[in-house]
Amino acid sequence: MNNDDPGRQTISRARTRCSAPRAEKDTLKERRTQSLTPEPVPGRQHTTVQTKSFVDVLGEAGPGKEMAVQTEPSEDCPDPRLFPPVHTGVSVATEIGPGDLFDFDREVAPILEVLVAKTCDQAVMDVVSEEELKAIERQQVRFEQMRNVEVAELQRLEAREARVAAEKHRRLEQERERRSREVDVARKMAARTVAKNTLYSMQQVVLGTMVARSAFVDPVVDEVEHKFIPWLSDAASNVLDEAAVSRQVTEGVVLDALAHRRQQDDAITEERQGLLQTIEEERRRMAELARQQQEAAAAAAAASAASASAAAEQEQDNA
């Protein structure tokens with residue numbers, strides 16, 4: 001039976017309104033104290049960072065102090081002692097017979113089926129969740145391995161890039177040093193060439209001027225011009241005279257030798273001609289002798305043939 005009084009309902013609603021703000025304040029306070037970010041994984045930690053579009057420079061906190069205000073209890077919660085109105089109307093009652101609300105033996109089966117089904121579903125969901133967590137852990141392990149490999153490869157590439165950059169810097173420094181050395185050498189060579197040409201031209205001009213002014217006489221030139229050249233001329237003329245005499249004597253000796261050689265050649269030629277004539281006569285004699293021998297042989301052969309034919313005829317006659 002519902003016997004609630006309107007006055008009591010008003011008081012309960014007022015108390016509820018008074019307690020609701022306090023509960024909301026406690027809930028907000030708990031939410032503020034709790035962190036919405038999950039706990040960090042092992043080996044890492046959370047860091048507070050700014051997420052604004054424009055970063056604010058955080059400095060030291062300014063001076064301040066805490067203040068408190070005490071409010072009147074009547075402002076937080078109204079006075080629950082209200083005037084209860086006079087109850088009017090007729091109270092109504094509902095009659096409930098035995099077995100009208102709940103039959104345990106008949107209605108417990110579907111409830112148990114629901115509970116068992118929910119329990120089985122929850123168990124299956126727990127198993128699936130565990131499998132998903134294991135799969136996530138395996139995936140995380142694979143991801144960590146891949147990330148470690150990528151980090152190692154990245155470090156290797158960074159080290160290689162650093163080595164390449166260092167080598168490039170070293171080569172550039174070497175090239176700068178080489179160019180500076182080449183520039184220095186070119187400048188030195190140019191200065192040396194200019195100085196050499198200048199000194200050479202000055203030396204030639206100075207020497208020419210001094211020689212033209214007879215500033216000094218070379219003793220070697222003087223010795224050659226006044227002593228060596230006359231002596232050389234006399235010696236050359238004597239040598240030429242002796243050579244002419246020697247040439248005349250040599251020509252006479254050569255002519256005599258050629259005449260004697262010509263006589264010897266004529267004698268040898270005559271002797272050769274006599275020998276050739278003798279050889280020709282001997283060859284003719286030998287040819288004549290050979291011809292005579294051939295004629296004698298032919299005559300002997302003819303005689304033997306005649307005797308043979310005569311003997312053959314005689315034998316025929318005898319037969």
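This is a predicted model: local features need pLDDT of at least 70, side-chain atom pairs count only at pLDDT 80 or more; totals for chains, interfaces and linings use all residues.
Helices here are DSSP runs (H or I, at least four residues), numbered from the N terminus.

View 1. Residues are numbered from 1 along each chain as its sequence is written, and side-chain values use heavy atoms, leaving out hydrogens and water. The protein chain averages a pLDDT (the predictor's confidence in each residue, from 0 to 100) of 77. Helix H1 (residues 6-33) has the lowest confidence, with a mean of 54, while helix H3 (residues 104-212) has the highest, at 88.

**View 2. Glu280 pairs up with Arg283.** They form a salt bridge (a side-chain nitrogen of Lys or Arg within 4 Å of a carboxyl oxygen of Asp or Glu), with the closest N and O atoms 2.3 Å apart. Because Glu280 and Arg283 sit 3 residues apart in helix H4, about one helical turn separates them. Glu280 is partly exposed at 28% relative accessibility, while Arg283 is exposed at 53%. (Buried is under 20% relative accessible area, exposed over 50%, partly exposed in between, using a 1.4 Å probe and protein chains only.)

**View 3. Glu282 meets Arg285.** Elsewhere, salt bridges with shared partners link Glu175, Arg178, Arg179 and Glu182 into one network.

**View 4. Glu144 and Arg147 in helix H3.** Their side chains meet in a salt bridge of 2.8 Å, N to O.

Conventions
Helices (H or I, at least four residues) and strands (E, at least two) are DSSP runs, numbered from the N terminus.
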